[in-house]
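Please look over the sequence and the structure shown here before reading on. The notes after them are meant for someone who is meeting this structure for the first time.

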Amino acid sequence: MRSAPWASYINNRLVVPDGKQNLMLSDILDPDTFDPYWQSFRVGVGGSDYVVAVHPWVEGSVLVFCRKSIWVAEIQQYPNSTGTSFTIETGINKLTLLTDEIGCSARRSIATAGSFIYFLSDAGIYRLDTQLDLKLRGNTRPLSDAISDQFADLNSDMVYDSVGLYYDNRYYIAVPKGNAQYNNAVYIYNQLNEQWESKDIY
C-alpha cells in the first residue's frame, strides 16, 4: 500500500486514495488488509478531475468529493467470505455521478449537520441534503449566493487549506482572502434563521 495524505474510516472500512482518481477499501474491521483489484474503484475516468475527500452519506453509502464533480458510491456492508465458501465480490454495489458542474475545493471544509452536508466549492458554499437535489444544478444556487462578492477574492492557490465546522447551529468556514497565505477570514452561517450573520478578519 502506497503512502496517502489522508483516509476516511467509514462503516468499519478504511477508504484510502490511491493516486488521483482511484480509491481503495480495506477489509471490514481490518484496516491493514487491502485487495487492490476487487476492493477498489475509480471516479472521473478520462478527465483532469481528482479526488479531494470521501464523506459518509445515507444508508451506508459515501460521497466522493472530487475537484470538479461529486459521486455517490454504495459500498457493500458484508465481507467476501460467506460461510465456508469464498466468493469473489466487488466492494462497490453502485457508483453514481451526482453532479459534474461543481466540486469541492477544500477537504477540511466539509461538515455534517444532521441531514445536511456543507462544503466549499469554486462557486461558494453549498449544502447537500438527503434529497440529492444537486442533480438539478440549474435550479440550485450556492448557499453563499447572498454574499457571493465576499467569496470572489479568495486566494485560489491556498483555498485547498480552508477549514469548516458545524457548532451550535452554525457553520463556520475559515478561508484565505486576497493574497493571504493562510486562512485570515471566518464566515458564520446561522442554520436557524438561514442567514450569514458575521465575518471576521484576522
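This is a predicted model: local features need pLDDT of at least 70, side-chain atom pairs count only at pLDDT 80 or more; totals for chains, interfaces and linings use all residues.

**Serine 121 and its surroundings**

- Serine 121 lies in strand S13, which covers residues 116–121, and it counts as buried because its relative accessibility is 5%, where buried means under 20%.
- Leaving aside neighbours within four places in sequence, serine 121 is in contact with Gly103, Ser105 and Tyr126, while its side chain reaches the backbone nitrogen of alanine 123 at 3.2 Å.
- The C-alpha atoms of serine 121 and serine 109 are separated by 9.2 Å, the two residues being twelve apart along the chain.

**Serine 105 and its polar contacts**

- Serine 105 is found in the loop between strand S11 (92–99) and strand S12 (111–113), and with a relative accessibility of 4% it counts as buried.
- Beyond neighbours within four places in sequence, the residues in contact with serine 105 include Leu120, Ser121, Val159 and Tyr160.

**The hairpin of S15 and S16**

- Strand S15 (residues 163–167) and strand S16 (residues 170–175) run antiparallel and are joined by five bridges, with leucine 165 standing opposite tyrosine 172 in S16.
- Two residues sit between the strands of this hairpin, and aspartate 168 takes a positive phi near 55°.

**Salt bridges**

- Side chains of opposite charge can pair when their charged atoms come close, and the count of salt bridges in this model comes to six.
- Arginine 141 and aspartate 145 meet through their side chains in a salt bridge of 3.2 Å, N to O; arginine 141 is exposed, at 64% relative accessible area, whereas aspartate 145 is partly exposed, at 32%.
- Lysine 177 and aspartate 153 form a salt bridge of 2.8 Å, N to O, and this pair links distant parts of the chain, 24 residues apart, with lysine 177 in the loop between S16 and strand S17 (185–190) and aspartate 153 in the loop between strand S14 (124–128) and S15.
- Lysine 177 is buried, with a relative accessible area of 12%, whereas aspartate 153 counts as partly exposed at 36%.
- Glutamate 197 forms a salt bridge with arginine 170, their closest N and O atoms being 2.4 Å apart, and the pair links strand S18 (residues 195–201) to strand S16.
- Asp168, Arg170 and Glu197 are linked in a network of salt bridges.

Conventions: Residues are numbered from 1 along each chain as its sequence is written. Side-chain values use heavy atoms; hydrogens and water are left out. Helices (H or I, at least four residues) and strands (E, at least two) are DSSP runs, numbered from the N terminus. Buried means under 20% relative accessible area, exposed over 50%, partly exposed in between (1.4 Å probe, protein chains only). Contact means heavy atoms within 4.5 Å. A polar contact is a pair of N or O atoms within 3.5 Å; within protein, one must be able to donate a hydrogen and the other to accept it, and residues adjacent in sequence count only if both atoms are side-chain atoms. Two strands pair if DSSP finds at least two bridges between them. A salt bridge is a side-chain nitrogen of Lys or Arg within 4 Å of a carboxyl oxygen of Asp or Glu.
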